[in-house]
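Please look over the sequence and the model shown here before reading on.

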Protein chains: 4
Amino acid sequence: MSEEQQALIRRLRSIEGHVRGVERMVEEGQYCIDIIHQTQAIKRALDKLEHELLSNHLASCVTTAMRSEDVNERERVIGELLEVFDAKNKI
Amino acid sequence: MSEEQQALIRRLRSIEGHVRGVERMVEEGQYCIDIIHQTQAIKRALDKLEHELLSNHLASCVTTAMRSEDVNERERVIGELLEVFDAKNKI
Amino acid sequence: MSEEQQALIRRLRSIEGHVRGVERMVEEGQYCIDIIHQTQAIKRALDKLEHELLSNHLASCVTTAMRSEDVNERERVIGELLEVFDAKNKI
Amino acid sequence: MSEEQQALIRRLRSIEGHVRGVERMVEEGQYCIDIIHQTQAIKRALDKLEHELLSNHLASCVTTAMRSEDVNERERVIGELLEVFDAKNKI
């Protein structure tokens, strides 16, 4: 695996551990608001992971597609970026 | 554990499995955009979990606090709700 | 009008002026990314306005409903709060 | 003005009218939750406007920059896209 992949795996393992921590909080009957704070923190960790994924994607696949002479390919990567952006906005 | 707790645990186990699925996608070098779609799906699953947590919280702790004569306690639960709301908005 | 209403109106007038500013930017053909930064700033101003509206709502209508003996009324305000929360999450 | 600019201006005028509608709701002392529903609708209209702006941006400025031989220019547009994406996530 590349260094980038290993860094992503480390982030994902940490998120997985965070989810298991929330399972324990629920089992122990901890305070709802404290649990919600943790699920919000997990979503922020996923946001940071998506930043890394998108950063790699723009520097590799998008740059290659944009520099090709294949107009369909260029439109495809643009469409995918807009879709990811809309999912944030959940338009 | 109560039925509510068991339902939350089931949701969390499913989220945990989803995160492990994303780890495999990264290891296998799958397409960035497909991986981002999965992390966005995990965030939506966390949103639904927070809905359940908040619903339980409003029907139990918030209702009890609001019906008590303790003004500080009422202000405390209101402050917590605003804080959860702001984290969504990330004000 | 109450002081609270006047404060909300001031915020809304400022947001309205901000939107007109973005219209000018579009007319002048300014850079897309600079325009997007402004629309994102307007959404943050709306987030803060919603915080004020929700804060007033929790301290008045919600507190009154929760302290009433009318169970339907209590369930109604809880349902409305969850709906506002879900719109954030756009579940 | 181009047709694209005119379409954006129409959307912005409609948003401006929507904000003025919310001002009237506040003046008339309408129900908080009804007002919040309107501010959430305004944010969704801004999300759609940003989609249009970003779509134009990707098809014009980003494509041009990506196809140029200027590596700094390519890195600049990638950095801007990540920044817009992060503002959604508010990382």
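**Briefing on selected contacts and helix packing**

Leaving aside residues up to four places away in sequence, A:Q5 touches B:V26, B:E27 and B:G29, where contact means heavy atoms within 4.5 Å. This is a predicted model, in which local features need pLDDT of at least 70 and side-chain atom pairs count only at pLDDT 80 or more, while totals for chains, interfaces and linings use all residues. Residues are numbered from 1 along each chain as its sequence is written, chains are lettered from A and ligands numbered from 1 in the order in which they are written, and side-chain values use heavy atoms, with hydrogens and water left out.

**Residues in chains A, B and C**

- A:Q5 has its place in helix α1 (residues 3–27) of chain A, helices being DSSP runs (H or I, at least four residues) numbered from the N terminus.
- With a relative accessibility of 19%, A:Q5 counts as buried, a term that means under 20% relative accessible area, with exposed meaning over 50% and partly exposed in between (1.4 Å probe, protein chains only).
- A:H57 belongs to helix α2 (residues 32–67) of chain A, and this residue is buried, its relative accessible area being 0%.
- B:L58 is part of helix α2 (residues 32–67) of chain B and, at 1% relative accessibility, is counted as buried.
- The contacts of B:L58, again without residues up to four places away in sequence, are B:T63, B:L81, C:M66, C:I78, C:L81 and C:L82.
- From C-alpha to C-alpha, B:L58 and B:E3 are 17 Å apart in space, and they are 55 residues apart in sequence.
- C:A45 is located in helix α2 of chain C and is partly exposed, with a relative accessible area of 25%.
- A separation of 24 Å lies between the C-alpha atoms of C:A45 and C:G29, which are 16 residues apart along the chain.

**Helix pair in chain C**

- Helix α1 (residues 3–27) of chain C and helix α2 (residues 32–67) of chain C have axes that come within 10 Å and cross at roughly 170°, the axes being lines fitted to C-alpha atoms over the stretch in contact and the angles running from 0 to 180 degrees between N-to-C directions.
- α1(C) is therefore roughly antiparallel to α2(C), a label given to angles over 145 degrees, whereas under 35 counts as roughly parallel, 65 to 115 as roughly perpendicular and the rest as oblique.
- The residues of the contact of α1(C) with α2(C) comprise 14 nonpolar, 4 polar and 5 charged, where Ala, Val, Leu, Ile, Met, Phe, Trp, Tyr, Cys and Pro count as nonpolar, Asp, Glu, Lys and Arg as charged, and the others, Gly among them, as polar.

**Helix pair in chain D**

- Helix α2 (residues 32–67) of chain D packs with helix α3 (residues 71–89) of chain D at an angle of about 165°, their axes 10 Å apart, and α2(D) and α3(D) are therefore roughly antiparallel to each other.
- Among the residues that meet are D:H57, D:L58 and D:V62 in α2(D), and D:V77, D:I78 and D:L81 in α3(D).
- The contact of α2(D) with α3(D) has residues that divide into 8 nonpolar, 1 polar and 6 charged.

**Chains A and B**

- Chain B is superposed on chain A by a rotation of 180° with 0.0 Å of shift along its axis (RMSD 0.0 Å), using least squares on the C-alpha atoms of residues with pLDDT of at least 70 in both.
- The two copies are thus related as by a two-fold rotation axis.
- Of the interface residues of chain B, 98% are also interface residues in chain A, so the copies meet through the same surface.

Methods:
Helix = DSSP H or I, 4+ residues; strand = E, 2+ residues; numbered from the N terminus.
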